[in-house]
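Please read them with the coordinates open.

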Amino acid sequence: MIALEEAQAKVNRELRVLVPVDVPLADSLGMVLAETVAASEDIPPFANTAMDGFAIRAADTAGASKQSPVTLPVVGTIAAGSVAPRALGQGEAMRIMTGAPLPDGADAIIMVELTRPAGFDVDLLGEVPVGNHIRPAGDDIQAGAEIFHPGTVLGPGQLGVLASLGRQHVKAYRRPRVGVMSTGDELVEGPEPLKPGQIRDSNRLILLSLAREAGFEPVDLGLIRDDEQAIEAALRTGVATCDAVLTSGGVSMGDFDYVKAVLNRVGEFSWMQVAIKPAKPLVFGLLDDVPVFGLPGNPVSSMVSFELFARPGLRRMMGRLDAERPRVQAVAAEPLKRHPDGKTHFSRVFVTEDADGFHVRSSGGQGSHQMMAMAGANGLAVVPDGEGIEAGAAVEVMLLDRT
Ligand code: AMP
Ligand code: MG
């Protein structure tokens, strides 16, 4: 067996960041920026009001109060999206709506709550300073400023900034196209009654979903029989059309574990026994320069293997520096028992957080075939070799619900 870190290093050594491409802004959520973005214009582009109210000259509010208001004639209305027909003169007010440009001649806004209608006039009920409630041009972003650098993850906020600058495309690292196939003669799909010995394929949907959730582009390569030719054909299609391929099943010690046999024949693959549980077997290598991950067949093992090897590796391929799931120190709310076997166990746990920090408890049966505990887990507790963790003791946990 080899240590987890050694297996991860073996994988990461072979992976390269994908070439950046021009992506429509609307498709770029979660991608990593590959250019420096300098603001082409000021945001906001013009001085405008932060409040519904009246554009005025601050000096005209001198002495105004509820008891002795200053009364000004209202000489116009400016809606958001329009401009004042003329400049504001001394002793005048213009009704103005949030986001509307400040008229020339005005130097403050008095919010509507600090005024009272008085026929065609308005009563000002308080004094306001110069600049009151005015958002100057460039208050958020100044033209020419370098606002984003390569490596920035494009989240909703970044997309909003780029949209406000009129950008329709960005240069970003491509999402890896990740092909997923299941292998196994016992596997079927759909609602038909199972024949003896059959089970339904779950890994393909699991891995396609994990790939989508991680920000990759999932590609379904199908359900493949335990047949060398069929497996090789599917692999070749996969590496010809994808940036990485994930297989599940057929990499253990069984008589019909053909994935391993095919990979060993067509390329240089490492067959690893990683000192972890679940997900001990891992086959990894390049086929026509495309990384292929041979993940184990048990559903929980395939998920844990994806989390520990495929996900961080493929996220690096799309330029993400936050490739790993965050790990935090937690307290075991109940014992996480195990027996010594030379492996680090990744226990499926439910993590809660309160004022005292993170707490974990088992999310159910820990067999690598027991999908319910994985479905109920939001963390993998890292339980080192030994007898396990006592209630109240510290344990490191990988948070599966954080990216
Ligand atoms: P294998 O590594 O092919 O021997 O598979 C190990 C275990 O995982 C066996 O019990 C398989 O039936 C099961 N398994 C393999 N692939 C899948 C799959 N796609 N969906 C559900 N179970 C699977
Ligand atoms: Mg199999």
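**Salt bridges, sheets and domains**

1. Start with Glu232 and Arg265, whose side chains meet in a salt bridge at 3.0 Å, N to O. The model is a predicted one. The pair links distant parts of the chain: Glu232 sits in helix α4 (residues 228–241) and Arg265 in helix α5 (residues 258–266), 33 residues apart. Glu232 has 19% relative accessibility and counts as buried. The cut-off for buried is under 20%. Arg265 is partly exposed, at 49%.

2. Glu307 and Arg325 form another salt bridge, with their closest N and O atoms 2.9 Å apart. Glu307 belongs to helix α6 and Arg325 to the loop between α6 and β22, so the pair ties together parts 18 residues apart in sequence. Glu307 is buried, with a relative accessible area of 5%. Arg325 is buried too, at 7%.

3. Salt bridges with shared partners join Glu189, Asp201, Arg204 and Asp220 into one network.

4. Arg167 and Glu35 meet in a salt bridge at 2.6 Å, N to O. They are 132 residues apart: Arg167 is in the loop between α2 (156–164) and β12 (169–173), Glu35 in the loop between β1 (20–24) and β2 (37–38). Is Glu35 buried or exposed? Glu35 counts as buried, at 17% relative accessibility. Arg167 is partly exposed, at 27%. The salt-bridge count comes to 23.

5. Now the six-stranded sheet. It is open, with mixed pairing, and its order is β16-β13-β17-β21-β20-β18. The edge strands, β16 (217–224) and β18 (268–273), each pair on one side only. Twist averages 15° from one strand to the next. Inside the sheet, β13 (residues 177–183) and β17 (residues 244–248) run parallel and are joined by five bridges. Val178 stands opposite Ala244 of β17.

6. Which strands does helix α6 lie across? Helix α6 (residues 299–317) lies across β13, β17, β20 (281–287) and β21 (290–295). Its angle to β21 is about 165°.

7. Strand β28 (residues 394–399) has two antiparallel partners to check. Five bridges join β28 to β22 (residues 327–332). Four bridges join β28 to β26 (residues 379–383). Within β28, Val395 is the bridge partner of Ala330, and Glu396 is that of Val382.

8. Last, the domains. The division gives domain 1 (4–18 + 175–317), domain 2 (20–43 + 139–173), domain 3 (48–135) and domain 4 (327–399). The C-alpha centres of domains 3 and 4 are 61 Å apart.

Technical notes. Residues are numbered from 1 along each chain as its sequence is written. Chains are lettered from A and ligands numbered from 1 in the order in which they are written. This is a predicted model: local features need pLDDT of at least 70, side-chain atom pairs count only at pLDDT 80 or more; totals for chains, interfaces and linings use all residues. Side-chain values use heavy atoms; hydrogens and water are left out. Two strands pair if DSSP finds at least two bridges between them. Domain bounds come from an automatic or database domain assignment. Axes are lines fitted to C-alpha atoms, for helices over the stretch in contact, and angles run from 0 to 180 degrees between N-to-C directions. Contact means heavy atoms within 4.5 Å. A salt bridge is a side-chain nitrogen of Lys or Arg within 4 Å of a carboxyl oxygen of Asp or Glu. Buried means under 20% relative accessible area, exposed over 50%, partly exposed in between (1.4 Å probe, protein chains only).
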